[in-house]
Amino acid sequence: MSLPTQARIVIVGGGIAGCSTAYHLAKAGETDVLLLEQGKLTSGTTWHAAGLVGQMRPNRNMTVMSKYGIELYSRLETETGLATGWKQCGSVNVASTPERMQVLKKQTAMARSFGVECHLISPREVADRYPVMRTDDLQGGIWLPGDGKANPADLCMSLAKGARNRGVKMHEDIEVTGVIVEGGKVAGVRTTQGDVRCEVLVNCAGQWARQFGRLAGVNVPLYSAEHFYIVTGKIEGVHPMMPVMRDPDGFIYYKEEVGGLLMGGFEPVAKPWKVDPIPANFQFQLLGEDWDQFEPLMKNAIHRTPCLETAEIKMLLNGPESFTPDGNFILGEAPELRNYFVCAGFNSAGIANSGGAGRLMAEWIVGGEPSTDLWDVDIRRFGPFTGNRKALFARTAETLGLHYAMRWPRQELETARPLRTSPLYDTLQARGAEFGSKNGWERANYFRPPGVQAPAHTLGTPGWLPWVQAEQQATREAVALYDQSSFSKLMLHGRDALAVLQRLCANEMDMAVNQMVYTPMLNGRGGFESDLTVIRQSDDRQGERYLIVTGSAQSVRDVDWISRHIGAQEHAVLTDISPMYSVLSVMGPRARELLARVSPDDLSPEALKFSWSRVIDLGFARVRAARMAYVGGPGFELYVPVEMTRHVYQTLMEAGADLGLRDAGYFALDALRIERGRRAWGAELGPDETPFEAGMMAHVRLDKPVPFLGQQALQQRLGQPLRKKLVTIVLEAAEVYAWGGEAILVEGASAGEISSVGWSPLAGRCVALGYVRGPLAQVAHAGTPAAIELWGQTHAARLFDHWPPRPAAS
């Protein structure tokens, strides 16, 4: 069969991700699809995958995706006539430590909230389900009866047949060597057998996805690591329906394989594959055995399943698989090139996730935008710097090792840091800053007292809480300085800049010069694509200028969203100026007194109203001062040219010594914004949340004369019952410390989940934000009795629509 010269959609890669995407595109009616594979179907990574299939993921949408995959796998053999090896044998996860057991209890609560059947089981019940396992040193486990296993190669071939049956064409032994780009869009691909014109390209190239992406200037940050498992001969007591078993404290997993065991794992110090680029002819190949690398896993496995000590070891398989910098896979349209999509980087979980991921990709391609909130896996979460190979090598060794390692609340990744730093990084470090990382930016989480080390991680009340409370006290009672230089800062300028903003933003954007407007930016479903603060800097009709301030993690996403909505005939230019300006936020009741000492300009409420800005003198510098405070209460944000940042900081610190001025970090900032009910994108706000549900209609001009994106969807929802509603959750007990993600219970039943939580100085206990669903979204809450489930324990709380009473801005 000759290679076609054109197809509407070309998929590069014939592993399970590519075949699932092809299958779902065909099911959606897109049959002019051509899949190209440089070798044979499954020949990259799919063929040697372990084939574990689970349902639970860190959030609701990803869990829905995985549940769909299981439903698909269970019926695929009937549909196509090809065996998939699917067996719903269930899975057992075990805990060896009290802390791990607490995590499993939280997972059980979240499973109930997400609609996944999950049961806590005792060590004896673990032994009943897995008799070859040693259980005398276990704390317990969880049982997920809906989980299972599949034969990866058979499953992939079944998906391929389902796609072919609907008209998809698949060609093997075709290496794609380039991408044809015309007018900033994909126009075709170059192959070893000629060019193929296309409108859409999908990069499903697995561990080749990064190097294939580079052919078109697309960043796909993943890196391969060696991944090991053994296969044994037959073992007495092992049967085909034995559950999948995971022992994360031992870093190991098991599944039954032809009457024996397949045992693999994720060693704490992983081994990136030192080959770059990966040869195109690396097909159905493995790497050499490395028993030294595998020894920690084997030692733990012999302890957990003593039968391995005498079992026949048929092989030690070493097959490379690709991993991403944050351990989540990569989906979506590349911001660098229109109509170039990516579905790759599955972090050794491609078999479990590709069924659902293929459907999501098809929906995205057909619908023009994601059908649901996919931010955790969206390719736009990565900046261009994440493609650095040295950084990827170091980070892959860490992220693979963290697959089963104990992950503590607020635990930070450590490799490839520091990278993006404020001019104050060294200064703040010398003053005791403990840094976290956001989109590569180093940000002070909190400040340690002199000579004190950072406390150990914990599931309980953190050792750093007293230091954060002191920062909060300064913010509420005196004055605190926050370095928020990681804010994404975009400049939109040109004759049609206002028209673009009016069309994209739900608030009224035709404001006065120096005025600030907070606005949602919505998608066609009425959900939050982002939330922005916009300052109009000029009203010259030939060159009006707007400063757009958005979240640290959102720069690539927001630039992409705004840019793709600027019409071809419109004169508007968007530039990311984030590295050009620092942001120093001076928060607290003595903030104006502090600024009066260092600036001759009048910053009284009469001269500079709330949500207005102006350029002022500060020390020897010129900065833009904006009257606003993300934490609530009085305060100013100072937009400082990066080269003047150290001078401004030193000037403020010297002038504020007797005012109680102190450094403060993001832990205090986050907790204080929660206390005041300030929403955060990625937590309370996202593509699935509407302003009705988030309680944000005060920032929407639904009757705005200029039509805006999402307006029609909101108008259709007027008067309709809410699917969910954001509430404030106030815990009853001051000694209970929550971390986020906990299930909300009302009358003992799951009602939703906590999205953000922190210590509230006003309440003297933890206060949280979270969504309640169903009937609870239809009623008012002014102290509704509730509870949260924290590490397996239930703790009383109350729900409020509005908390606390908000003081007038000053």
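Residues are numbered from 1 along each chain as its sequence is written. Because the model is predicted, local features need pLDDT of at least 70 and side-chain atom pairs count only at pLDDT 80 or more, while totals for chains, interfaces and linings use all residues; side-chain values use heavy atoms, with hydrogens and water left out.

**Stop 1: T21**

Select residues 16-27, which form helix α1, and find T21 within this helix. Helices and strands here are DSSP runs numbered from the N terminus (helices H or I, at least four residues; strands E, at least two). Contact means heavy atoms within 4.5 Å. The side chain of T21 also reaches the backbone oxygen of A17, at 2.9 Å.

**Stop 2: S91**

Move to strand β4, residues 91-95, where S91 lies. Show the side chain of D147: the side chain of S91 makes a polar contact with it at 2.6 Å. A polar contact is a pair of N or O atoms within 3.5 Å; within protein, one must be able to donate a hydrogen and the other to accept it, and residues adjacent in sequence count only if both atoms are side-chain atoms. Beyond four places in sequence, the contacts of S91 include I142, W143, L144, P243, V244 and R246.

**Stop 3: helix α11**

Select residues 465-477, the 13 residues of helix α11. Its buried residues are L465, W467, V468, E471, Q472, A474 and T475. Among the elements covering them are β21 (441-447), β28 (581-587) and α16 (666-675).

**Stop 4: helices α14 and α15**

Finally, select α14 (residues 591-598) and α15 (residues 645-655), whose axes come within 9 Å and cross at roughly 110 degrees. Axes are lines fitted to C-alpha atoms, for helices over the stretch in contact, and angles run from 0 to 180 degrees between N-to-C directions. The two helices, α14 and α15, are therefore roughly perpendicular, a class covering 65 to 115 degrees; under 35 counts as roughly parallel, over 145 as roughly antiparallel and the rest as oblique. To view the contact, show L594, L595, R597 and V598 of α14 with T651, L652 and A655 of α15.

Notes:
The expected span of a helix is 1.5 Å times one less than its number of residues. Buried means under 20% relative accessible area, exposed over 50%, partly exposed in between (1.4 Å probe, protein chains only).
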